[in-house]
2 protein chains.
Amino acid sequence: MFEAAELGRKVSKSEYKDALPALRAGLTEAQQRLRDSGVSVLVIVEGVEGVGRGEVVNRLNGWLDTRGTETHAFWDVSSEEQSHPRYWRYWRSLPARGKIGLFFGAWYSEPLMRGTTGEWDGARVEAAATRIRDLERMLALEDTLILKFWFHLDKDTQKQRLKARKQDPDSRWSRRRNGDKLLDYKAFVGIGETVIQATDTALAPWYLIEATDPRYRDLTVARTLLKAITERLDAEGPVHREEMLSHAPSLPEAEEARLTVLDQVDLGQSLDKSRYKKRLEEAQRRLRALTWKARDAGRASVLVFEGWDAAGKGGTIRRLTAGIDARLHRVIPVGAPTDEELAHHYLWRFWRQVPGSGRITVFDRSWYGRVLVERVEGLARAEQWRRAFHEINDFEQQLCEHGILVHKFWLHISEAEQLARFRAREETAYKQHKLTDEDWRNREKRPEYEAAINEMVFRTSTEHAPWTLVPSEDKRFARVAVIETVCERLEAVLD
Amino acid sequence: MFEAAELGRKVSKSEYKDALPALRAGLTEAQQRLRDSGVSVLVIVEGVEGVGRGEVVNRLNGWLDTRGTETHAFWDVSSEEQSHPRYWRYWRSLPARGKIGLFFGAWYSEPLMRGTTGEWDGARVEAAATRIRDLERMLALEDTLILKFWFHLDKDTQKQRLKARKQDPDSRWSRRRNGDKLLDYKAFVGIGETVIQATDTALAPWYLIEATDPRYRDLTVARTLLKAITERLDAEGPVHREEMLSHAPSLPEAEEARLTVLDQVDLGQSLDKSRYKKRLEEAQRRLRALTWKARDAGRASVLVFEGWDAAGKGGTIRRLTAGIDARLHRVIPVGAPTDEELAHHYLWRFWRQVPGSGRITVFDRSWYGRVLVERVEGLARAEQWRRAFHEINDFEQQLCEHGILVHKFWLHISEAEQLARFRAREETAYKQHKLTDEDWRNREKRPEYEAAINEMVFRTSTEHAPWTLVPSEDKRFARVAVIETVCERLEAVLD
């Protein structure tokens with residue numbers, strides 16, 4: 001494929017000079033429009049060594065308003081980044097709406113490097129490409145405009161370029177990718193071709209740029225960027241809607257049936273007060289030791305709590321965290337997002353709370369809001385919540401691959417029990433604030449919620465990140481069941 | 001002083017049990033009121049080893065709603081924390097409005113530890129205490145309720161406690177502060193007394209707690225916390241106003257005079273086009289090499305740009321950053337704060353942008369807004385902007401102590417030149433968006449701004465973080481002057 005970038009394309013000095021003023025004015029104007037558009041722009045630059053990625057990015061920074069751009073080189077992995085899943089460092093750098101992020105390599109660096117050196121085999125590189133495709137698709141569908149530039153030089157030109165660079169005092173700062181060793185040209189280009197082909201999508205296209213002539217290279221990148229931003233801002237309504245729909249998972253008819261996984265939960269289980277006390281204390285003691293052990297082993301946990309209103313999430317979380325040293329856990333109540341969170345992809349607010357090694361994050365409600373309340377209340381469009389299942393599975397899988405234990409609890413109560421608890425809340429002065437009109441409204445939509453829960457469990461209960469449906473008609477039973485489940489998973493993991 | 005905490009205070013089991021329900025209900029209620037109050041609560045726990053700080057904090061977590069509390073232990077310093085000024089890790093952990101932060105030791109840990117081992121001498125510990133007093137005062141005056149608990153045990157009890165702990169399997173996880181070595185009791189208590197006395201203020205009081213009896217210890221802490229929160233929320237209007245005023249710096253009469261430092265700026269300086277081009281390119285090349293060198297040396301820079309509307313901040317920053325590799329710098333346009341920023345102290349949003357080793361952050365407007373626009377427009381109360389000078393100096397000093405180069409530029413133009421530029425903007429289509437009604441209004445307040453600028457320069461131009469007043473009547477002159485100034489400072493620092 002790279003023959004297409006060995007054609008000797010050039011731009012003369014005067015052509016370049018003539019083109020520049022309009023191009024720069026265009027970029028400035030586009031950036032101004034971008035600011036309030038709700039769209040973020042992600043530009044990834046890749047290519048063979050010596051191709052001048054730094055030069056291009058510096059040129060773009062000179063032409064753009066740097067107050068709206070952020071450049072990320074992803075050099076050294078910090079200890080905090082090391083203690084989080086692989087993509088955490090990219091998530092924390094993603095540009096907010098209205099901004100342009102210029103990324104060197106980003107998620108491509110690792111597969112390209114390790115593929116070239118042979119550290120990763122073909123299958124592993126393919127797997128990485130699949131993950132990348134998913135990520136980019138997900139971002140693109142939520143208002144990120146993605147442009148990927150691959151800069152190409154033929155082998156001889158690369159050689160000359162690197163030689164010339166050695167003699168240029170200004171260039172002595174440019175870094176080699178692989179320590180001091182030059183990557184093998186043929187191997188790198190080969191892996192590059194594989195990766196490009198696997199990740200070149202309509203939502204996140206690659207642009208192959210012939211980089212022999214810097215003027216051609218820089219002009220072409222800037223023009224491509226300008227055109228893409230302008231087209232995106234000119235487009236009416238959300239883009240790519242057809243593709244969204246064509247990729248939406250089809251739903252089986254059975255889903256509409258009234259019988260759900262919830263009907264299989266045995267709500268009759270209970271614990272009397274004295275057995276409860278004993279088992280709770282025992283489970284908490286066990287949990288305390290296990291969580292310290294997990295800390296020493298560097299194993300983090302993510303615990304998700306979802307459930308019907310008044311099912312007892314708060315009380316259960318309290319008993320759970322009472323069994324974990326306060327220095328090890330953090331409870332994240334998931335309410336309305338902050339404006340920084342709103343300016344990013346909906347998973348960004350959860351990525352930023354992913355625990356570092358040995359820590360435990362307890363989510364009181366979670367990313368499952370997307371396929372529960374947002375789905376049922378119509379706050380997310382159908383194609384949004386439909387693809388969320390895959391997005392969520394991928395997110396959780398990344399946590400698991402990093403060694404994080406993921407467990408999800410649905411606290412289940414019957415309609416009658418919920419009513420009884422609502423009534424009790426109405427009558428208890430200090431609990432009245434816990435009952436809102438919304439709670440009553442949600443109750444009316446129970447069938448819709450049941451269908452949504454059923455599909456959620458069906459699609460997202462995986463071996464590595466299972467759902468436990470907790471019979472919570474009896475609060476005591478539920479609390480003990482949850483803590484014991486966490487203990488069992490920790491024990492299995494720590495063995 | 002610790003005799004006051006060796007009196008054998010105790011709470012019987014039944015007393016404890018009787019007191020608990022009301023106390024817990026009170027805490028829950030207080031926490032609910034706190035949520036929307038705009039106040040954040042910071043609890044610091046300190047004391048001799050074996051005193052059960054972890055137990056107390058766990059107990060509090062059990063009694064409080066953990067969804068509104070955050071516990072921070074400050075164990076290992078991450079590489080990112082290492083690459084930032086000392087207090088960065090505390091700033092990033094500070095509780096937002098409505099939340100309670102439970103801090104183990106926080107900024108006390110280091111002076112106590114290093115003072116005890118003798119690594120820091122008395123003067124150094126004193127200096128640390130002074131900095132702490134300043135920080136706590138600053139937080140307290142901006143809606144943080146600070147409570148500091150010092151838990152005391154006499155030497156014999158400590159010995160017994162540590163011995164018993166060794167045999168208790170549940171306690172094997174508690175950590176020693178100083179690796180495996182027990183800190184010398186007498187030395188620790190001695191330094192503790194010094195530090196307590198130096199940092200015990202009305203705004204951030206120490207509570208000395210006798211910790212021999214865990215029930216007494218925990219009840220007393222919870223009661224003190226409850227009382228403090230309740231009193232604070234019951235108080236009408238901002239608290240401590242008297243103290244604010246009594247500590248406000250007195251302003252010399254001369255400040256009101258019309259003659260300011262700005263009148264000494266020679267606005268006649270200029271550069272013709274050809275000399276400008278040459279000197280600009282030369283300065284940028286010099287800057288590029290210096291900034292790479294600074295990166296290799298791990299020296300970060302903070303560059304602040306303030307100036308009159310239309311003085312040319314944007315254009316100057318563009319020329320400056322054109323001389324710095326995009327991978328090394330970041331431009332932060334300071335506009336309206338996000339809601340997460342609003343939920344913290346006004347310096348928090350700047351602390352979070354402090355560059356890591358070898359990086360450069362360029363602030364397009366800055367924390368000086370407090371003593372400029374907020375002062376002149378009455379957005380900050382007099383006692384707020386008055387004490388800001390000291391707060392800002394202390395902030396910048398912390399950056400400098402970490403080896404960060406701090407430089408501040410005021411771009412100065414005459415009233416006439418500003419008018420000419422406003423007019424030109426009105427007439428140029430693509431520049432019209434840069435001119436707002438506010439710009440015209442600000443112009444009318446020029447005398448007030450001049451007085452504010454004068455005082456700002458007088459109070460905050462320090463040797464380590466100087467102001468440069470840049471004659472900007474001629475944009476070319478200003479741009480070159482700024483870049484050359486940065487180069488000179490970098491050269492001096494890197495030598």
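A residue is called buried when its relative accessible area is under 20%, exposed when it is over 50%, and partly exposed in between (1.4 Å probe, protein chains only). The model examined here is predicted, and for that reason local features need a pLDDT of at least 70 and side-chain atom pairs count only at pLDDT 80 or more, while totals for chains, interfaces and linings use all residues. Residues are numbered from 1 along each chain as its sequence is written, chains are lettered from A and ligands numbered from 1 in the order in which they are written, and side-chain values use heavy atoms, with hydrogens and water left out.

Helices (H or I, at least four residues) and strands (E, at least two) are DSSP runs numbered from the N terminus. Helix α19 of chain A (residues 446-460) is mostly covered, with eleven of its 15 residues buried, among them A:Y449, A:I453, A:M456 and A:V457. These buried residues pack, with contact meaning heavy atoms within 4.5 Å, against α15, α16, β9, α17, α18 and β10 of chain A. The end C-alpha atoms of α19(A) are 20 Å apart, in agreement with the 21 Å that its 15 residues should span, the expected span being 1.5 Å times one less than the number of residues. Helix α20 of chain A (residues 475-494) reaches 29 Å from its first C-alpha to its last, close to the expected 28 Å, and 14 of its 20 residues are buried, so α20(A) is largely enclosed by the rest of the structure.

Two helix pairs were also examined, with axes taken as lines fitted to C-alpha atoms over the stretch in contact and angles running from 0 to 180 degrees between N-to-C directions. In chain A, the axes of α2 (residues 53-63) and α9 (residues 214-234) come within 10 Å and cross at roughly 55°. In this contact A:E55, A:V56, A:R59, A:L60 and A:W63 of α2(A) meet A:R217, A:D218, A:V221, A:A222 and A:L225 of α9(A). In chain B, α6 (residues 122-141) and α8 (residues 185-199) pack at an angle of about 35°, with their axes 9 Å apart; the residues in contact include B:V125 and B:I132 of α6(B) and B:I191 and B:V195 of α8(B).

Most residues other than glycine have a negative phi. A:R365, however, has a positive phi near 70° and lies in the loop between β8 and α15 of chain A, where A:R365 is partly exposed at a relative accessible area of 31%. B:A106 likewise has a positive phi, near 45°, in the loop between β3 and α5 of chain B, but B:A106 counts as buried at 1% relative accessibility.
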